[in-house]
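Hi everyone, thanks for coming.

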Amino acid sequence: MASFMGDANIFPATLINDAVEIFNYRLPRPPQFVTEKTNVTVGVRPEAITLNLQGDESQRCTVSHVAYMGPQYEVTVDWHGQSMLLQINATQLQPSVGDSLFLQIHPYGMFILPEEQ
């Protein structure tokens, strides 16, 4: 289940050696992810996610909302049944509602959330 926390997207994730896996999408494990746990909750900032025309099937998403905000678009996508908020540079890609694209999460924008007590 993904949710928004402030301006972050929240997901359950699995840490596997040098990788983070979210919905079968595997990306490099950031160096700050130092924990013995394998199942964690991660946050991803909207500006740390980009959209591409090509990618792996695990990265496929569908654009559900687009708002032009000057130098960027605020975009909501559906990814594996979850809504995600993205901030996309307007000079890189001009997404439209209904587009099927591929997201890329950049590790610099990820963090592990502390466990609830």
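I'll start with the model itself, then go to some strands and one glutamine.

This is a predicted model, where local features need pLDDT of at least 70, side-chain atom pairs count only at pLDDT 80 or more, and totals for chains, interfaces and linings use all residues. Residues are numbered from 1 along each chain as its sequence is written, and side-chain values use heavy atoms, with hydrogens and water left out.

A word on pLDDT: it is the predictor's confidence in each residue, from 0 to 100. The protein averages 90, and 93% of the residues score at least 70. Over residues 1-5, though, pLDDT stays under 50.

Now the strands, which are DSSP runs (E, at least two residues), numbered from the N terminus. Two strands pair if DSSP finds at least two bridges between them. S10, residues 100-105, runs antiparallel to S6, residues 49-52, with four bridges joining them. There, Ile-49 stands opposite Ile-105. S10 also runs antiparallel to S7, residues 60-68, through three bridges, and Cys-61 has Leu-101 as its bridge partner.

A polar atom of its side chain lies 2.8 Å from the backbone oxygen of Leu-103. Beyond four places in sequence, the contacts of Gln-59 (heavy atoms within 4.5 Å) include Tyr-25, Trp-79 and Phe-102.

Technical notes: Polar contact = N/O pair within 3.5 Å; in protein donor to acceptor, adjacent residues only side chain to side chain.
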